[in-house]
Structures are given as C-alpha cells and as structure tokens.
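Subject: Structure handover and notes

Dear colleague,

Here is the structure that I am handing over to you, with the sequence alongside.

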Amino acid sequence: MDEQFDAIVVGAGPAGVTAARDLAEAGLSVVVLERGAFPGAKNVWGGILYREPTEAMLPGFEAAAPLERPIIEQRYLLLTGDDMLGATYRSQTFAARPHNAYSVLRAPFDRWHATTAEAAGAEVYPEIAITDLLWEDGAVAGVTTGEPDGELRSRCVVLADGANSLLAQKAGLHEEWAPIEQALVAKEIIALPAATIEERFGLPAGCGTALEIFGESTQGLLGYGFIYTNKESLSIGTGALLEDLIATGINVNDMLDRFKRHPAIAPLLAGGETAEYSAHLIPEGGYNKMPRLYGDGVVVVGDAAGFVNPLNREGVNLAMLSGQLAARAIAEAAAAADFSAARLARYRELLEESVVLQDLFKIRNVTDFAHARPHLLTAYPALLSAAARAYLTVDGRPKAEKYGKIAQGLIRGLGVRRVAGDLVGAVRALR
Ligand SMILES: Cc1cc2nc3c(=O)[nH]c(=O)nc-3n(C[C@H](O)[C@H](O)[C@H](O)COP(=O)(O)OP(=O)(O)OC[C@H]3O[C@@H](n4cnc5c(N)ncnc54)[C@H](O)[C@@H]3O)c2cc1C
C-alpha cells in the first residue's frame, strides 16, 4: 500500500485499542492490525476489571460494555494437599454502585472495546499477523506481514502485541525475554447456572466473588490459582513463573487439572462443563526488566512493555493507561512533525508521572523476594494448616498443653529467625 498512516497499532488488546481511539480522537489517521479472527479472539485474562481506572478512560462504560458480575468479595486462600484456610473480605460498599470491580469475559469485552476505537475513526483489521518492522534511515517506518503486498507505512508504530513481544525485540527495545520474566497460566471457563454459582459461593443474585489461592494450587511454585465468578460460568486458572515450570518439569495443564481435583475446589466446580480452555503468558519482569519504551518512530505499550502489577492483579487498566499516554505523546510528536526517539521520550515522562511506573517501581523487588523464599508457598501453608487443625480439634487435651504444642510446632517448623527474616525482607521489598 502506498498510503502512509500517522500511526499503525499492532494488536487490538486493551493497550492497542485505547491508543488507537485516542489517536483517532486527536485527529490522526490510525490503523489497528490484529492477528486474531476478531479483537479478543486470542486474548486471555482472569479477568477482573477495575471500575475507576476504566471509567476514567472509557466514560460510561458500565452501561455499554459486556460485563459479568460486580465483585463484592475477595477471598485469599492457602491450600495444602488436603486442607484450605484463608481470609475473606466482603463489602456492602463494593456491592453498591459505584462498584469497585467487575468480572469480565475477554472475547466479548475486547470486541466491544474495539468498536470504541472505530467510532472515533480508527480502522481495525483482524486476521493480519505482523511479522516484522519496516525501517527507513534508522527509524521504524511501518510494518509487514512478510507477504509481498503486506507492507504498511506509518510515521509511528505502536507495539501493543502483548506478552513476550517479538516486535519489541525486532525494534531493538528488548533482548530475548527470559523465563524468569514470564509466568505461564492455564485457564478454563466452566459453565454453571447462575443460581448454582450464587448458592455455592453464598452470593446475592447478580453479584460476584474473586478467589485467589496459593500453595498447592501451584504445587508450591511462585504464582497462584484463581476462581472468578461470571454470570453463568466460572473462570478458573493457575500458573507459575516459566523458569520454575521448566526447572521442575511441571506442566501447567496438569497443574490446573490437579487444582480442579483438590477436595476444597472440586465441589465448587461440580457439574460444570468446560466451555473454553486457554493458556497465556503474563509478563513478570516488572520495573527492573522493562524494555526501552520508545525508539525512533516506535513506542511499546501494555504487556509488550511488561506493565503488569501481579500483587493487585492489574494488567488491563495499566495497558489502557499506557495506551492513552502513548497516544498523547504521539499526538504531540505529530504536532511537532517529529517522531524521533528524543521527541517520543515524552511517553516515558508521562508514564513516570502516572501510576503505571510509580506502582511498578514500588513493587519492583517483590517477585525476587518471593522467588528467593520457596517456603512461603510450601512450609507456611502446611504449618498454618496444622496449627488451625490442632486449634479446632476438641479432643479432651487441656488447652494449655495444646496451645503450647501449636506454638512449638510453628516455631520449630518456621524458625523465629526465618519468620523475622521474611518479615524484614517483605518490608524491604516494598520500600
Ligand atoms: C490468565 C490471565 C489472567 C489475568 N487476569 C487479569 C485480571 O484479572 N485483571 C487484569 O487487569 N489483568 C489480568 N491479566 C493481564 C491482562 O490480560 C493483560 O495485562 C492485558 O491483556 C494486556 O493488554 P495488552 O493490550 O497489552 O495485550 P493483550 O491483551 O495480550 O493484546 C495483545 C494483542 O496483540 C495481538 N497480537 C500479538 N502479536 C501480534 C502480531 N504479531 N500481529 C498482530 N496482532 C498481534 C494479540 O492477538 C492480542 O489481541 C491476566 C492475564 C492472564 C494471562
């Protein structure tokens, strides 16, 4: 094609679509190229969507977007081979509008989201897989599908191609992604009637819960299992750092099957039909392993840049915000007719001023902290579960003896120095 667009966006996920919509609203010509049969066809998440950041970028989305259930409750659970213990937070504030978060299914959401970019004037083309970048005078000047007629030119390219971005590597913004920088997650959608979901999880009609489950759910590896309630299905998944999966030879599909069979989990799924299976990478490198975020004629957004906060389960909102900030920087570059790296450095400045890089900087050492302490997801669940069992078992033994044994078990099993070390390490990791 001879036509030159102001911007080409590769990938119609939340980052790419947000960038495209804002670029089109700024009056730039923009095209989105998506390899899936439609936006969302290839996308995977849990998925919990936070309302406030989404509303800030998509005003009125609650009335228009396909949403599942408002999330009124969060459960954190620890699993051992047989047992489960945990904590629940349920809030009437979360149950009332404005809600804090919704469960969302990715395929319908992304499909709808892409229409917001089209309504603003962006062109969205599915079934186009970009294999490489075009270069001119050392600057990115477009993209190609590798076919003779598959070249498209632009003044700027937005790389929104998700985790493990091959195009960020081709742009020279990142070396090869290391297994320690990615988690691999297997996920299923299990169909169940709405009334069954509400009864099993003790939910008011139409409301939802989010369960995050540590320990045996990942066979003790760093990661977690999750169950999120949709209108008429459950999203269930589990996964761990790719490096640990490779080192242990554990396969995430087997991990998910084992998780589903756990005696505390199986009854929640009983009678459900698997409607969908998928597996996907999540970037875990965070702030310390971020690629360079811009170059001459190119910026990288969302998962392709590693913008995920695993502690608060934030990916989509950070992807959208990075897309928005990239669009702002590109619009300024267009106004100055200068798409050089020096001008696009403005994108990094905007990110630094936003929660994207401020939050990622805050948690930059958390993965290393937890990865260096495998006992957090093995010894702690086992000992806490044994302590709970001893405390709750009424067996005629005097309480003084029992409490002493519980304390002894915890101290011997974990060690005072190790617990103190973990606490100090956790505080340091979040400093
Ligand atoms: C199992 C799982 C659970 C998650 N749960 C949550 C959650 O509950 N809440 C949350 O906020 N986040 C969650 N995330 C993270 C969230 O999904 C991502 O952070 C978010 O999707 C990133 O958006 P993105 O637009 O950057 O990338 P993506 O959504 O991955 O979109 C990238 C797009 O680019 C396309 N593409 C890739 N390569 C090419 C190419 N060469 N040519 C053309 N198109 C291409 C893909 O098909 C895709 O449509 C989860 C992720 C996973 C895997």
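The notes below go from the whole chain to single residues.

This is a predicted model, in which local features need pLDDT of at least 70 and side-chain atom pairs count only at pLDDT 80 or more, while totals for chains, interfaces and linings use all residues. Residues are numbered from 1 along each chain as its sequence is written, and side-chain values use heavy atoms, with hydrogens and water left out.

Overall form

The protein has 17 helices and 17 strands, where helices (H or I, at least four residues) and strands (E, at least two) are DSSP runs numbered from the N terminus. Along the principal axes, the C-alpha atoms fill a box of roughly 85 × 45 × 40 Å.

Of the 431 residues, 52% count as buried, a term that means under 20% relative accessible area, with exposed meaning over 50% and partly exposed in between (1.4 Å probe, protein chains only). The accessible surface, from the Shrake-Rupley method with a 1.4 Å probe, comes to about 18800 Å², and 54% of it belongs to carbon and sulfur atoms. Among contacts (heavy atoms within 4.5 Å) between residues at least 6 apart in sequence, 72% join residues at least 24 apart.

Charges and cysteines

There are 39 positive and 53 negative side chains, and the centres of the two sets lie 12 Å apart. Lys and Arg count as positive and Asp and Glu as negative, with His and the chain ends not counted, and each charge is placed at NZ of Lys, CZ of Arg, CG of Asp or CD of Glu. If a disulfide is taken as a pair of cysteine sulfur atoms within 2.5 Å, the count comes to zero. As for individual cysteines, C156 is buried at 0% relative accessibility, and C207 is also buried, at 12%.

Backbone points to check

Most residues other than glycine have a negative phi, and most peptide bonds are trans. The bond from G46 to G47, however, is cis, with omega near 5 degrees, and G47 lies in the loop between strand 2 (30-33) and strand 3 (48-50). Another cis peptide bond joins R97 and P98, with omega about -5 degrees; P98 sits in the loop between helix 4 (92-95) and strand 6 (101-103).

E127, although not a glycine, has a positive phi of about 60 degrees. E127 belongs to the loop between strand 7 (123-125) and strand 8 (132-136), and is exposed, because its relative accessible area is 61%. A337, also not a glycine, has a positive phi of about 50 degrees; A337 is found in the loop between helix 11 (316-335) and helix 12 (341-353), where it counts as exposed at 62%.

Two further residues

E198 lies in helix 7 (residues 194-201) and is buried, with 16% relative accessibility. Leaving aside neighbours within four places in sequence, E198 is in contact with R69, L203, P204, A205 and G206. P398, in the loop between helix 15 (379-392) and helix 16 (399-414), is partly exposed at 48%, and its C-alpha atom is separated by 48 Å from that of A191, 207 residues away along the chain.
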